[in-house]
Amino acid sequence: TGNTMLQYDVGGGKTLIEIILAKESKRLGKAKKPTLVVPNHMLEAFAGEFMRAFPRANILAATKNDMEGDKRKTLAMRIATGNWDAVILTHSSFSRLKVSSDKTEEFVKSEISKVEQAFLEMSIEGNNVRKFERAKKNLTSKLQSFADKSVNTDGLLPFEKFGVDLIIVDEADLFKNLYFATKKSRIAGMPNAQSARAFDLYLKSRLIFDLNG
């Protein structure tokens, strides 16, 4: 389907599977620029594991230093122009590489339209209209706030120009608490907190889906 979750216990081999998935996707022409997004403390371990599995691989592992000052612009250009077997980014570096304002605005408008449709259906069903109008306003405001944090404002090449067409996210549970619209209230186990990091990953993954058809 192009969208898969691996949920193994510690020691089950996720790291090697992710690395093989990236390399084989490139070799088979399934992806031109597979990108691994890994926890901040795992960058060196992932890069080392990759080179042990594929000693001749051409990989770019972006360190914390690569994200400082003007080096971020250099990194963006290296990602975009290099013929990499894989790019390895930390969670924080991935979040700091932003999407263009046009693409972000287009995405937010689409999401707000879905929210409005959902709340319209709720009001037609005879639910408390005032209550849902307030909820819709809050969610729309939150979406716009997340978009403002995800948009590219520093003159860097925007994320959608990098050529990334496959993202493999290690420890994806750290991106939980994506916003959602529901007619229910106080659902046990569903937090009210909504994560900007989750929104950023959602935005970028939808862009990649759109780019790949």
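**A strand residue, a helix face and a cavity**

Reply: In this predicted model, T35 is found in strand β1, which covers residues 34-38.

Me: Does T35 count as buried or exposed?

Reply: The cut-off for a buried residue is a relative accessible area under 20%. Because the relative accessibility of T35 is 1%, T35 counts as buried.

Me: Which residues does T35 touch, not counting those up to four places away in sequence?

Reply: The C-alpha atoms of T35 and D85, which lie 50 residues apart along the chain, are separated by 8.9 Å. Once residues up to four places away in sequence are set aside, the residues that T35 touches are V87, L89, V164, L166, I167 and I168.

Me: Why do the buried residues of α3 line one face of the helix?

Reply: Helix α3 spans residues 71-81, and R72, L75, A76 and I79 are buried in it. Seen down the axis of α3, these buried residues line one face because they fall within an arc of 100°.

Me: What covers the buried residues of α3?

Reply: The cover over the buried residues of α3 includes β2 (59-61), β3 (86-90) and α4 (91-96).

Me: Which residues line the largest cavity?

Reply: The structure holds one cavity of 30 Å³ or more, and about 30 Å³ of space lies in the largest cavity. By class, its lining has five nonpolar, one polar and two charged residues. The residues that line the largest cavity are F159, E160, G163, V164, K204, L207, I208 and L211.

Notes:
Residues numbered from 1 in each chain as written. Predicted model: local features only at pLDDT ≥ 70, side-chain atom pairs only at ≥ 80, totals over all residues. Heavy atoms only, no water. Helix = DSSP H or I, 4+ residues; strand = E, 2+ residues; numbered from the N terminus. Buried < 20%, exposed > 50% of the residue type's maximum accessible area, 1.4 Å probe, protein only. Contact = heavy atoms within 4.5 Å. 1 Å grid on protein atoms, 1.4 Å probe; cavity = no way out; pocket = protein on both sides within 12 Å on 5 of 7 lines; lining within 4 Å. Points joined across faces, edges and corners; volume = space filled by probe spheres on them. Nonpolar A, V, L, I, M, F, W, Y, C, P; charged D, E, K, R; others polar. Arc of directions from axis to C-beta.
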